[in-house]
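Student: I would like to take a close look at a single part of this model and to follow its surroundings from there. Please give one connected account.

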Amino acid sequence: MSEPASANREKKQPPLNGRRALPSNNSNAEENDVPEMDAFGLIPRGFNPKDYLRVVDIHMFKEPNEINKQQHHTDKYYNPKLIVRRGQPFQIQIDFSRPYEPEKDQIWLEYLIGRYPQPNKGTYIPILIGDALKPGEWGAKIIHKENNSIRLSIMSSATCIIGKFRLYVAIRTPFGIIRTHRNSATDTYILFNPWCQLDAVYLDDEKEREEYVLNDVGIVFHGDVNEVKLRSWSYGQFEENILDACLFLMDKAELELSGRGNPIKICRVASAMINSKDDNGVLAGSWDNLYAYGVPPSAWTGSVDILLEYYSSKQPVRYGQCWVFAGVFNTFLRCLGIPARLITNYSSAHDNNANLQLDFFLDDEGQVDNRLTKDSIWNYHCWNEAWMTRPDLPVGFGGWQAVDGTPQETSDGMYRCGPASVQAIKHGHVCFQFDAPFVYAEVNSDVIYSRMGKNGSQVIEKIDTTHIGKLIVTKGVGSDDMVDITENYKFQEGSAEERLALETAVMYGVKKQTTQPSTYQPQKDVEMDLQVQKAVLGSDFKVIIIFRNKSRNSYTATTYLSGNIVFYTGVTKSEFKKHSFSAKLDPLSSNAFEVMITSAEYLSDLLDQASFHFFLTARINETGKVLAMQKAMVLEIPTLKIKTKGEMVVDREMAVVVEFTNPLKQNLENVTLRLEGPGVLRTMKKEFRQIPAMSTLIWEVKCIPKRPGLRKLIASLNCDALRHVYVSDVAAVILASVDQRFSAGIK
């Protein structure tokens with residue numbers, strides 16, 4: 001199916017590399033010119049194509065309530081074209097100029113994708129009409145014939161390319177092949193099929209398919225391990241133009257069309273394209289609390305605006321942080337039919353060299369030396385899991401694969417991560433591609449507290465093997481419950497299985513630095529604990545330090561507490577609290593010491609997520625040993641309230657009311673409110689110049705819902721003084737209109 005010579009002369013051809021007969025076929029959007037008449041030779045003067053069988057019309061049965069989209073679970077897409085899933089039959093009807101006679105009429109279908117379609121690349125697919133369909137293979141058969149029409153059942157390959165195909169009907173005549181003209185109305189999107197056992201993304205649980213493929217709203221868990229918070233996120237994978245935007249990402253990445261049937265390749269390419277670090281991908285990241293000329297990450301309520309802006313401008317959208325990258329990635333995966341879920345790992349390590357070790361250096365006074373300490377612990381980090389087989393790995397490592405679009409470290413020269421088998425990570429098989437050592441380190445690093453000895457040697461004061469990866473969670477199936485999946489990534493800390501997994505990781509090349517027992521002799525008879533009182537933004541709170549002396553000896557402990565305002569990535573912005581004291585530890589007793597933190601100490605420097613890190617060190621004067629620990633803390637941020645007014649019926653006007661009370665003793669300036677609800681209203685944005693201290697703001701929005709069922713409403717408030725203000729979970733039951741109920745057979 002090559003282009004005519006005249007077309008080749010008119011269009012500038014990309015340069016060839018000397019090894020290809022044709023340039024790379026890496027764009028779904030580009031097309032070739034398909035001749036409507038392919039002559040076998042010279043055409044007789046009296047030849048008239050109208051004397052032969054002609055196609056008058058093609059019916060694609062592409063409406064949401066028709067058979068194809070219903071059976072293929074694609075009826076929710078706001079897209080007028082036919083959308084089907086691979087490896088599963090769908091139907092079309094062809095109307096001819098006269099009755100079709102199989103004995104003398106020879107017809108076939110042609111599906112094409114890209115500019116240089118070839119049969120051996122899966123980009124040109126001729127389909128003959130046969131007597132039966134073979135599971136998972138391209139084919140077509142007649143299932144109904146009436147007058148001048150035939151209805152075909154068409155089976156697509158369970159491994160075929162994912163994308164938008166062009167359809168032609170070809171008819172053989174004695175003098176050449178006649179084809180239908182180019183008609184975009186017959187274009188067919190083919191997606192991955194988790195309902196097909198032959199598909200690499202097959203998922204055998206219907207409730208999980210509904211959650212991980214069809215649910216267009218999710219939950220992002222954030223905060224810290226001691227104060228888990230949640231917010232809703234609109235994936236919006238069915239919204240108008242989102243499918244085309246997702247296909248564009250693969251075009252932008254120049255992924256060969258022939259590789260787009262492989263979920264492993266698609267995930268790997270997409271993890272790079274979600275961020276803009278080296279390929280002008282979707283999102284530009286910002287972690288410095290400065291968001292000029294863009295939207296603060298906390299203000300986004302979903303993926304739709306981000307993807308549509310990128311699809312339109314072809315330039316990175318500002319700005320994202322880990323949960324935004326993960327939310328957009330989840331939309332991409334679910335839109336194409338790959339089961340996916342968003343994961344949150346609390347106390348997540350960012351280990352630059354994947355040696356399973358985070359080093360915190362202490363100075364002579366027992367304080368953390370920020371000049372030497374380069375490692376950090378994120379309060380939390382979000383990534384994604386995608387479900388697929390892994391034929392490139394040994395048996396048993398398919399299923400959930402960790403993929404991450406947040407730009408942290410390069411992999412094969414680009415900022416991307418995964419897919420890495422979660423099962424391989426758990427068992428320490430970090431030799432299996434892709435990027436398993438990095439993910440293993442995120443959930444299993446050790447925290448090492450050390451200081452420089454007088455002779456220049458490194459003295460290890462404490463090793464914490466349990467601080468990293470304390471809790472790994474995701475949204476429940478069919479609910480908004482938090483599900484603990486920590487055991488999917490790691491065995492119980494200290495168990496024989498966990499030690500074996502660690503030894504396996506070391507064997508496969510993760511260089512874990514071993515420590516000689518002689519260099520690490522901790523103070524075992526004194527325990528130290530740090531408790532931080534929960535508090536609302538703008539209020540005072542207490543930090544409580546507890547010592548337990550389990551020995552019969554009396555000790556004194558020179559104690560140092562450092563309170564730091566930090567980014568959620570664990571990087572310190574400023575130290576707002578320094579407090580040192582001497583603690584007397586009586587034998588066989590416990591002692592508690594309180595330190596008051598006032599709002600005046602932290603409010604002026606507070607960052608996005610109201611996050612603190614407290615470092616606590618204590619030197620036992622009698623032994624010279626050092627105790628050390630750290631704890632993250634997040635202030636409670638006020639929430640928005642949402643309520644609905646009027647009839648909640650499809651195609652009838654209703655109102656959504658957003659309410660917010662400013663709890664601070666200061667005015668909030670330049671406030672932006674965002675509101676959206678998939679199937680109810682597209683993203684609305686309103687700016688307010690000021691919300692006075694302790695006053696209440698009310699915003700009412702009129703909308704006309706388009707989709708029935710339980711629909712979520714999502715809102716955010718954003719200003720320089722207050723971010724990450726979200727609504728608690730609000731859902732509205734939208735009733736079907738009378739017309740919809742009758743069309744569904746409901747009386």
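Student: Which backbone nitrogen does the side chain of D404 reach, and at what distance?

Tutor: The model is a predicted one. In it, the side chain of D404 reaches the backbone nitrogen of T406, at 2.9 Å. D404 itself is placed in strand β19, which covers residues 399–404. With a relative accessibility of 4%, D404 counts as buried, because the limit for that class is under 20%. Apart from residues up to four places away in sequence, D404 touches S271, F329, H381, C382, W383, R416, C417 and E442.

One of those partners leads to an annotation. According to the UniProt record, an unreviewed entry, the "active site" annotation covers C322, H381 and D404. These residues are spread over 83 residues of sequence, yet they cluster in space, with a largest C-alpha distance of 10.0 Å. C322 lies in helix α7, residues 322–336. At 0% relative accessibility, C322 counts as buried. Its contacts, not counting residues up to four places away in sequence, are W287, W378, Y380, H381, C382, T406 and Y568.

Helix α3 comprises residues 206–214, and its buried residues are R209, E211, Y212, V213 and L214. Those buried residues pack against α7 and β19, as well as against β3 (82–85), β16 (340–349) and β25 (471–475). At the start of α3, a side-chain oxygen of D205 comes to within 2.9 Å of the backbone nitrogen of K207.

The backbone also deserves attention. R318 and Y319 are joined by a cis peptide bond, with omega of about 5°. Y319 has its place in strand β15, residues 317–320. A cis peptide bond also runs from Q433 to F434, where omega is near 10°. F434 belongs to the loop between α8 (422–427) and α9 (436–444).

Positive phi values are found at two residues other than glycine, N241 and Y293. For N241, phi is near 75°, and the residue lies in the loop between β13 (227–234) and α4 (242–252). A relative accessibility of 36% makes N241 partly exposed. For Y293, phi is about 60°, and this residue is found in the loop between β14 (283–285) and α6 (304–313). Y293 is exposed, with a relative accessible area of 80%.

Two further sites complete the account. N591 is found in strand β31, residues 589–597, and counts as buried at 19% relative accessibility. Leaving aside neighbours within four places in sequence, N591 is in contact with I545, I546, F547, K584, L585 and D586. L710, by contrast, counts as exposed at 61% relative accessibility and is found in strand β39, residues 709–719. Together with V733 and L735, L710 forms a nonpolar patch on the surface, with about 300 Å² of accessible area in total.

Note on methods:
Residues numbered from 1 in each chain as written. Predicted model: local features only at pLDDT ≥ 70, side-chain atom pairs only at ≥ 80, totals over all residues. Heavy atoms only, no water. Patch = residues over 30% accessible without salt bridge, like charges linked within 9 Å, V, L, I, M, F, W, Y side chains within 5 Å. Areas by Shrake-Rupley, 256 points an atom, 1.4 Å probe, with all protein chains shown as cover. Salt bridge = Lys/Arg side-chain N within 4 Å of Asp/Glu carboxyl O. Helix = DSSP H or I, 4+ residues; strand = E, 2+ residues; numbered from the N terminus. Buried < 20%, exposed > 50% of the residue type's maximum accessible area, 1.4 Å probe, protein only. Contact = heavy atoms within 4.5 Å. UniProt positions renumbered as here; feature names shortened; annotations may be inferred. Polar contact = N/O pair within 3.5 Å; in protein donor to acceptor, adjacent residues only side chain to side chain.
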